[in-house]
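Here is a short briefing to read beside the sequence and the 3D view. The points are grouped by topic, from the whole chain down to single residues.

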Amino acid sequence: MTMNYYITGYCSIRNQVAMVDDRLEHYEENFYTFADLVKSLYKKEEISYPKFFKMDGLSKLGFLTAEMLLKRKEKGKYQGPRVGMILSNSASSLDTDLAFHETIRDRQQYFPSPSVFVYTLPNIVIGEICIRNKFKGENTFLISEKFDSGLLYTNIREALDHGRMDVCIGGWIDLLRERYESLLFIVEKETNVSPEPEHKKVEFCPGEIEKLYLKI
């Protein structure tokens with residue numbers, strides 16, 4: 001028997017715009033640096049999480065996208081060993097790698113920063129989101145030259161089909177200097193989706209994933 005899966009929510013952030021389930025949640029007309037944007041979103045969402053300020057840019061971007069997506073859902077529904085994450089991007093952790101390189105480039109002022117070095121892996125953003133939200137399921141970070149809906153679909157579908165999770169938070173979290181874009185979406189088994197007619201859901205397939213990305 002083939003199991004059906006649905007996308008039941010999404011959040012995207014790009015160019016000073018944050019969207020959640022087709023609703024505009026944040027827009028700043030004036031020019032923002034990435035640092036200004038994440039501070040503004042953190043304050044607007046009334047988040048209290050001191051560790052946020054120690055994170056690198058990629059983790060801050062992913063963390064905020066997850067916060068905006070999940071705080072608007074049923075509290076406590078998405079946690080535990082049956083919730084996993086599969087993310088991707090094109091820049092890996094290059095933004096942080098370059099920042100770390102600056103701490104070791106000058107042999108006369110050589111001071112490697114442990115607080116920066118710890119973020120020189122792209123999957124650290126998954127760890128930060130999982131710790132915050134108590135996700136304990138399987139997680140994977142994929143690197144592709146550009147956004148690839150088929151790659152995400154194949155990996156998420158395989159994990160769900162093999163029973164390794166009931167819910168997967170999938171998406172694209174990419175950052176390099178002032179170029180940033182994020183998209184997180186929730187994929188659930190049909191048996192996990194609320195039968196209420198107002199519960200938003202669309203078929204989980206590469207085409208629908210692509211549509212979400214094109215909304216960014």
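Start with one residue in this predicted model. Arg14 is partly exposed, with a relative accessible area of 31%. Arg14 belongs to strand S1.

**Arg14 and its partners**

- Arg14 and Ile216 lie 202 residues apart in sequence, yet their C-alpha atoms are 6.2 Å apart in space.
- Beyond its neighbours within four places in sequence, Arg14 contacts Tyr180, Glu181 and Ile216.

**Overall build**

- The protein holds seven helices and eight strands.
- A compact globule of 216 residues would have a radius of gyration near 17 Å, and the protein agrees, because its own value is 17 Å.
- The C-alpha trace spans about 65 × 40 × 30 Å along the principal axes.
- Of the 216 residues, 50% are buried.
- Take the contacts between residues at least 6 apart in sequence: 71% of them join residues at least 24 apart.

**Surface and charge**

- The accessible surface is about 11200 Å².
- Carbon and sulfur atoms account for 52% of that surface.
- The protein carries 29 positive and 32 negative charges.

**The nonpolar cores**

- In soluble globular proteins, nonpolar side chains tend to be buried together.
- Here the largest nonpolar core has 40 residues.
- The residues with the most contacts inside this core are Ile13, Phe52, Leu64, Met85, Leu87, Phe135 and Ile169.
- Strands that give two or more residues to this core are S1 (5-14), S2 (17-20), S4 (83-89), S6 (167-176) and S7 (179-189).
- Helices that do so are H1 (34-44), H2 (57-70) and H5 (124-133).
- H2 gives the most to this core, with eight residues.
- A second, separate core has 21 residues, including Ile7, Ile156, Phe185 and Tyr213.
- What does Ile169 touch, not counting residues up to four places away in sequence? Its partners are Val83, Gly84, Met85, Ile86, Leu87, Phe135, Leu184, Phe185 and Ile186.

**Tyr10 in strand S1**

- Tyr10 is found in strand S1.
- Is Tyr10 buried or exposed? Tyr10 is buried, because its relative accessible area is 2%, with the cut-off for burial set at under 20%.
- Tyr10 and Ala66 are 56 residues apart in sequence; C-alpha to C-alpha, they are 9.1 Å apart in space.
- Neighbours within four places aside, Tyr10 is in contact with Met19, Val20, Asp21, Asp22, Leu69, Leu183, Leu184, Phe185, Leu212 and Lys215.

**Helix H1 and Phe34**

- The buried residues of H1 are Phe34, Leu37, Val38, Ser40, Leu41 and Tyr42.
- An α-helix has 3.6 residues a turn, so residues three or four places apart point the same way.
- The buried residues of H1 pack against S1, S2, strand S3 (23-27), H2, S6 and S7.
- Phe34 lies in H1 and is buried, with a relative accessible area of 8%.
- Which residues does Phe34 touch, not counting residues up to four places away in sequence? They are Gly57, Leu61, Leu175, Glu178 and Tyr180.
- One of these partners, Glu178, is 144 residues from Phe34 in sequence and 5.9 Å away in space, C-alpha to C-alpha.

**Positive phi values**

- Most residues other than glycine have a negative phi.
- Asp21, a residue other than glycine, has a positive phi near 50°.
- Asp21 sits in the loop between S2 and S3.
- Asp21 is buried, with a relative accessible area of 13%.
- Asp22 also has a positive phi, near 70°.
- The loop between S2 and S3 holds Asp22 too.
- Asp22 counts as partly exposed, at 41% relative accessibility.
- Both Asp21 and Asp22 are contacts of Tyr10.
- Glu46 follows H1 and has a positive phi, near 55°.

Methods:
Residues numbered from 1 in each chain as written. Predicted model: local features only at pLDDT ≥ 70, side-chain atom pairs only at ≥ 80, totals over all residues. Heavy atoms only, no water. Helix = DSSP H or I, 4+ residues; strand = E, 2+ residues; numbered from the N terminus. Rg over C-alpha atoms; globule rule 2.2 N^0.38 Å. Buried < 20%, exposed > 50% of the residue type's maximum accessible area, 1.4 Å probe, protein only. Contact = heavy atoms within 4.5 Å. Areas by Shrake-Rupley, 256 points an atom, 1.4 Å probe, with all protein chains shown as cover. Lys, Arg positive; Asp, Glu negative; His and termini not counted. Charge placed at Lys NZ, Arg CZ, Asp CG, Glu CD. Core = buried A, V, L, I, M, F, W, Y, C linked by side-chain atoms within 4.5 Å.
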